[in-house]
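Hi everyone, thanks for coming.

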Amino acid sequence: MDFALAGMKEDLAKQLATIRELGLMENLAELAAQGYTVVPPEKVAPSSDIAAARDRLLEIARDGGAFESGESNFRPGFSYTVWLPLVQGNIFEKFLLNPAALALSSYLLGSSMVLNNSLGFVKGRSGDSFYRIHTDSLMIPDPFPPYAQIVNCTFMLTDYTLERGCIGIVPGSHRYLRHPTADEEKAYELLEPIEAPAGSLLILPAYTWHGAFPNLTDDTRVTLVQAFSRIHITPSIDRNIPQDIIERNPDRFAKLLGRDLITGFGTEGPQMSRYEDMYMIERNPLS
Ligand SMILES: O=C(O)CCC(=O)C(=O)O
Ligand SMILES: [Fe+2]
């Protein structure tokens, strides 16, 4: 048998075994059918980790002045954003290795996937402002390829309700393989509100259309977003994070931060020992 196909068979078996073990088979079906899925809290993380991440994001936001002039002063429809929480608290390092997020994202992006973004959202009352419908396929022109290139893992650190300005998704929009037009960006009636309890994890491949409802309450909505991508996509964040963070975590952590890539070489050339593995992705999308 062709060696790439043999590799794919093996990778698929491994990935499905992990997904089955974590009880996430139904989530795979939802990703295929609707273009997103929500993993319930009991399959995501202990509630103490959810609380720790929430409290730390609120602390960073407060230190950054998010609350100084009242929560209604957040950007219309969007949230106060914490950039690169990954390096701002050990709890976020733990979330980078979250088994459910890794299992479903690797299925969509291949096990070579890397971290593309790390964000915290603190969303206060936002009046009547929706956040416009868009895809997360940043810098990617239409038409999109029929496979995922970026996956947004949204950890809901507080309850997500319609009144509190939850994210909204256009179910099935992953099949369009394009960005919404200017008119479609404002077609909020298409949005399905994603209401779920704190601790839930939304897996949202970048090609799926989404926006957000206004927060009509005085309750703050807090979110941790980790996005992963295939290795050829330019990361939004600087993956060159402090070495001590890399060293105190398992090997997968370093790999997610791009430490195994052969790209970005200088006059010494790429690490040829990794060349075969890296180019296998062209023939085995799960690798
Ligand atoms: O829930 C929101 O505020 C929208 C977030 C969003 O668009 C994203 O995480 O890509
Ligand atoms: Fe988005």
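What percentage of the 287 residues of the protein count as buried? The answer is 40%, where buried takes 20 or more other C-beta atoms within 10 Å of the residue's own, exposed takes 12 or fewer, partly exposed is in between, and C-beta atoms are placed from the backbone.

Please keep in mind that this is a predicted model: local features need pLDDT of at least 70, side-chain atom pairs count only at pLDDT 80 or more, and totals for chains, interfaces and linings use all residues. Residues are numbered from 1 along each chain as its sequence is written, while chains are lettered from A and ligands numbered from 1 in the order in which they are written.

Now the overall picture. There are 8 helices and 10 strands; these are DSSP runs numbered from the N terminus, H or I with at least four residues for helices and E with at least two for strands. The C-alpha atoms fill a box of roughly 60 × 40 × 40 Å along the principal axes.

Next, the sheet. Four strands form an open sheet in the order β4-β9-β6-β7, with antiparallel pairing (to pair, two strands need at least two DSSP bridges between them). Why is one side of β4 (131-134) and of β7 (192-193) left without a neighbour in the sheet? Because each stands at an edge with a single partner strand. Strand β6 (residues 167-169) is joined to β7 by 2 bridges, and I169 is opposite E192.

Elsewhere, β2 (residues 80-83) runs antiparallel to β3 (residues 114-123), with 4 bridges between them. T81 has F121 as its bridge partner in β3.

Around the ligand are S79, F121, Y131, D136, N152, T154, I167, H210, A212 and V225, each with its C-beta atom, placed from the backbone, within 6 Å of it. Elements giving two or more residues to this shell are β5 (150-156) and β9 (210-212).

Finally, some backbone details to check. In the loop between β4 and β5 we find P143, joined to D142 by a cis peptide bond with omega about -10 degrees. That loop also holds M139, whose phi is positive, near 70 degrees. M139 is exposed, because 8 other C-beta atoms lie within 10 Å.
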